[in-house]
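This report describes strand pairing and helix packing in the structure shown below.

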Amino acid sequence: MSGRHFAALLRIAALALLVAFLVAPQAFAPVFAPLTQYGAPPIYDQGNLLSLALAHLGTVCLAAAASTVVAVGLGILVTRPSGAQFLPLSRTLVNIGQTFPPVAVLAVAVPLVGFGEKPTLIALFAYGLLPIFENTIVGLRTVPAAVLEAASGVGMSARQRLRAVELPLALPLILEGIRLSLVINVGTATIGSTVAAKGLGEVIIAGLLSNNNAFVLQGGLVTALMAVLLYEVLAGLERRLCRTVRID
Amino acid sequence: MSAPVAAPYVPAAASRLRPDALGVLLTAVGVLALFGLPFVLFKANRILPGEPRSLLAVLPAAGAWGCGAALLLAALVAVLARDARLRLGGALAGLVALALAVAASGDILTPPGNNVVRVAPGGAFWVLLLCLGLLATDAITRLRPGPLTRVLLLAGFFVVMGLSLAHGTFDHLSVMREYAVNSERFWRELLRHVWLALGSLGAAVLVALPLGILCHRVPRLRPGVLGTLNVIQTVPSIALFGILMAPLAALATAWPWAAALGVHGIGAAPAAVALFLYSLLPVVANTAAGLGRVSRAAVEAAHGMGMTRWQVLSAVELTLALPVILTGIRVVLVQNIGMVTVAALIGGGGLGTFVFQGIGQTAMDLVLLGAIPIVALAFTAAVLLDALVEVLERTKA
Amino acid sequence: MITVENLSKQYGAATVVDDVSMQIERNSITVVVGTSGSGKSTLLRMINRLVEPSGGRVLIDGKDTRAEPAHLLRRRIGYVIQGHGLFPHRTVAENIATVPRLLDWDAARIRARVEELLQVFQLEPATYAEAFPHQLSGGQQQRVGVARALAAEPALLLMDEPFGALDPIIRAKAQDDLLDIQCRFGTTIVLVTHDMDEAFRLGDRVAVMSEGRLLQYDPPAALLTRPADPFVARLTGQAERAMRLLSLTTAGEAAVPGSSTGPAVPASATLREALSELLWCGAESVAVLDAEGRPRGRLTLDLILARGRP
């Protein structure tokens, strides 16, 4: 069996495991039972794991969508001649977004928008900007000069050139930025549960509060599996979308 | 081709009379905030929601006009001036006026001898702080200061802040009220925060450097090592902290000497171990990448001059790869400073204690007492290490 | 007909093109030569307004090029650059269809035109239409670049060092193909190069530029026999000018009636090649054969040598 097939099989197995655990968690009770003490429940029982995982994924995807719109928009703006003067400022802003610890953003956002999903969305949005922004800029700037010149030369307007030539050629890098940002945020989103956002952090925090390691472990494992699978799925999507794009 | 490239990426020639777009944007945001958001929030006590107060309503006429004039000056300079020094001066003048105005608001709104009333900076203050801060940063970027100048600017900022805090300028603001109550704990947790971030980084560098060198020398190992470390990164920090509690507790029970060394199930130990594990990937990956980028010619020349393998590694390869390795360390340090915050959830201490305590009590002033120093630490680490990387790159070039 | 009137371009204090005026005849090939930095590319790019002139104007068939938006103007003018600039994310067919699509041609017409061009450029449609640029050889990429420029049947084709990236053998073939294409479509071509041999081989008229100024604009033979400027003489190469002059005339044009026992050359060969053949064989005369291989006349050494003098 070749390495590639083995990796594919491993991915399918991981996905099957994740789905099985989320759909029928009680079937895994014997696995987690040794981690509990004094007859504590081995499987998280204060909520539906599947709906928590979906809520978690939903929050992360929504934040990533917002980061993508803003970061790609800014990236396009600062690579146009008219927007070049905004480049240093935009860089500073997205760097601040990543230097601000997400927990601090979360905490500061609470008085402004209240408890729940909103502070988490803000924290994830700010934290996820940098990779997408930087990759968009690199992607747009590395479109070969001859291709840009040809696009103008055949009579494309600036807008047509952006849509038909620059963005498609920058797409692989932009997608890579989105993937990095998404994967980082799947893990980061767990802290949202400290301000009452619905998500897998709830399971982990319930475990910490009740001293139940089984909860902590299953919350952590489900999150990690989701991050790894998301990474693989997006990487596969990138390869498929960009198979034809090769820039010499 | 000799001719300059056509229209695409040549910045438009800046005309002298055209207003600065960035200045216009930030001024507009600042003006909207000043008139649309409260400058300070007045709270009868720590927990109650604040009542909004505007700048004009709080300060006496002379103070309000003075502060307004300084802000107007900063805005005019931002919109019209081209000279970066002038722009920096304008932004700094605005920042000073803003700080004095918020401090004065605290003094005025607090009845003498009253320790219950809280005056917290409001939305307008924070937005203006952001706008002026961005203007100052932009001006500094345009001046292209060297690494040493940047560190000096940072030091200057800390000296000014330290002096005004020591003088008690901001004592009547809510954050400083929280500090007054928690001052002893504050310094303990701050120290612990720094130690946790730096200690786990130090241990990680000791392990990651050899591991990175190994990955470079034996490329077969690379996918496995980096893949494993990558997977560790995907485990959320709270979960890893929690998962590590059990084995460490077992360790402490089995070997009393481990407990004597400070290994406990709860507390700083699981946090330190988890941060150590998270820190490995960026350093290993950058060490391997940095070594991979060292030119073969330089390594061959070193061998050709009769250096031993160890001499080649230390004097040529690691020296040339150092900026890239340090960039990895910068990523880790900034990331760690943020993650230590979460350690407070498992009793690991650090400034996160105030943050989570504040969230629990819905006491935002307490949250800020933790969050502001965390952000300051992260920025300081970023500025210092960026400067160090640049110095090293310059000496290399 | 293209009229360039007092065209100038300044970047800050630097004058890149300095008051250039010239007339370009319909259905001709005009080659602009010069060293790098001479302003020849900028001059070319001002014709399709990739660079906006600082002064002067360009008229195409009497109409000022500034009368319409630049991108609409460019759709009527073919443009080929060195390194082809093909869109790497589009197939060969899609690349060729770029301008027809911008002009909203209907699908059937676009398909027919792409097919025709692929045939003309010896790229078998079944094999190449759906290929991506990175799957082609350098010569094929260059041909697709020219095909794309010609897709919307432009009356004018601008070429900026179009063959610069090709190796000598493929370049010679590409130059021959260009001459064929020009005959076939009757396109007016303006081509920029720094290669004098290319200029002499392709140009009906050659414009020599240096430091932004147009030094001479004449048929190739006039450049050799009556250089307007010492720089022109240097550029055309004093050591080679006799040979270059010979290369401008074909054996068929110079042949006189008669027969020869010497080696045979085709009528399409240049006098330079005929002379080379004579020297190599040590003969006094060559026989000139027409395309069917029938004797058409002869050339003697004296006749050839006489043609190598101004």
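Val40(B) stands opposite Pro121(B), a residue of strand 3 of chain B. Strand 1 (residues 40–43) of chain B runs antiparallel to strand 3 of chain B, and 4 bridges join them; two strands pair if DSSP finds at least two bridges between them. From strand 3 (residues 118–121) of chain B, Arg118(B) and Ala120(B) point one way, Val119(B) and Pro121(B) point the other way, and all are buried (20 or more other C-beta atoms within 10 Å of the residue's own, C-beta atoms being placed from the backbone).

The model is predicted: local features need pLDDT of at least 70 and side-chain atom pairs count only at pLDDT 80 or more, while totals for chains, interfaces and linings use all residues. Residues are numbered from 1 along each chain as its sequence is written, and chains are lettered from A and ligands numbered from 1 in the order in which they are written. Helices (H or I, at least four residues) and strands (E, at least two) are DSSP runs, numbered from the N terminus.

In chain C, 6 strands form an open sheet of mixed pairing, in the order 6-7-8-3-9-10. Strand 6 (77–81) and strand 10 (213–218) of chain C are the edge strands, each pairing on one side only. From one strand to the next the twist averages 15°. Strand 3 (residues 29–34) and strand 8 (residues 188–193) of chain C run parallel and are joined by 5 bridges; Val31(C) has Leu191(C) as its bridge partner in strand 8 of chain C. Helix 7 of chain C lies across strand 6 and strand 7 (156–160) of chain C, at about 165° to strand 6 of chain C.

Two helix pairs are tabulated, with axes fitted to C-alpha atoms over the stretch in contact and angles running from 0 to 180 degrees between N-to-C directions.

| Helix pair | Axis distance | Angle |
|---|---|---|
| Helix 7 (residues 138–150) and helix 8 (residues 168–185) of chain C | within 11 Å | roughly 20° |
| Helix 4 (residues 87–99) and helix 6 (residues 117–141) of chain A | 7 Å | about 130° |

Val94(A), Asn95(A), Gly97(A) and Gln98(A) of helix 4 of chain A meet Ala126(A), Tyr127(A), Leu129(A), Leu130(A) and Phe133(A) of helix 6 of chain A; contact requires C-beta atoms, placed from the backbone, within 7 Å.

How values were computed. Contact = placed C-beta atoms within 7 Å. Buried ≥ 20, exposed ≤ 12 C-beta atoms within 10 Å, placed from the backbone.
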